[in-house]
Amino acid sequence: MQNSNSSIKPGFWQSAGNNPFWINVVNNRVFWLGMNQKTNDVNFGENWCHVGHGTIKGNKIELSWADIPAGEDQLSGKIIIQIIDETHIKVIEDSGNFGKSEWRWADAIKNFSSL
């Protein structure tokens, strides 16, 4: 715990829909890369691929995100994520299409070839 903020583990996270997210935490700043999972119909990041940056404030992460031109979507927005514990987070407010997404920490390091 730093500066009375909750914290999350850096590394590879998966959404409830099994989409991959890589999250890093530097002090109270959060950086992430998220993309759609690979299926028989699409490759990783082909539908959507976005980057995000935010700040941990108490037990919440306030994050801005934007799709990058690796995928078809070109959306952006802001989300507020509740830190349930260091390995579980959940969207509580969003201006994008996240809904009430949840993520769980899966591994400290995961590269594309191992997915």
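1. Which residue in E6 does Ile61 stand opposite? The residue opposite Ile61 is Ile81 in E6. Strands here are DSSP runs of E, at least two residues long and numbered from the N terminus.

2. This is a predicted model, in which local features need pLDDT of at least 70 and side-chain atom pairs count only at pLDDT 80 or more, while totals for chains, interfaces and linings use all residues. Residues are numbered from 1 along each chain as its sequence is written, and side-chain values use heavy atoms, with hydrogens and water left out.

3. The fold is a closed barrel of eight strands, ordered E1-E2-E3-E4-E5-E6-E7-E8, with antiparallel pairing. Two strands count as paired if DSSP finds at least two bridges between them. From one strand to the next the twist averages 30°; axes are lines fitted to C-alpha atoms, and angles run from 0 to 180 degrees between N-to-C directions.

4. The pairings from E5 onward can be followed in turn. E5 and strand E6 (residues 76-85) run antiparallel and are joined by seven bridges. Between E6 and strand E7 (residues 88-94), also antiparallel, there are six bridges. A hairpin of two residues connects E6 to E7, and Asp85 stands opposite His88 in E7. E7 then pairs with E8 over three bridges in the antiparallel sense, where Ile89 has Trp103 in E8 as its bridge partner.

5. Two asparagines deserve a look at the backbone. Asn18, in the loop between strand E1 (11-15) and strand E2 (20-26), has a phi near 65°, a positive value in a residue other than glycine. Asn27, in the loop between E2 and strand E3 (29-35), also has a positive phi, near 55°. Asn18 is partly exposed at 42% relative accessible area, whereas Asn27 is exposed at 53%. The classes are buried under 20%, exposed over 50% and partly exposed in between, with a 1.4 Å probe and protein chains only.

6. The largest pocket holds about 210 Å³ of space. Its lining has 16 residues, and those closest to the centre are Trp48, His50, Asn97, Phe98 and Ser101. Strand E5 (60-67) and strand E8 (102-107) are the elements that give two or more residues to this lining. By type, the lining divides into seven nonpolar, six polar and three charged residues.

7. On terms: a pocket is an open set of points on a 1 Å grid over the protein atoms alone, where a 1.4 Å probe fits, with protein on both sides within 12 Å along at least five of seven lines; lining residues have an atom within 4 Å of a point. Volume is the space filled by probe spheres set on the points. Asp, Glu, Lys and Arg count as charged, Ala, Val, Leu, Ile, Met, Phe, Trp, Tyr, Cys and Pro as nonpolar, and the others as polar.

Terms used: Helices (H or I, at least four residues) and strands (E, at least two) are DSSP runs, numbered from the N terminus.
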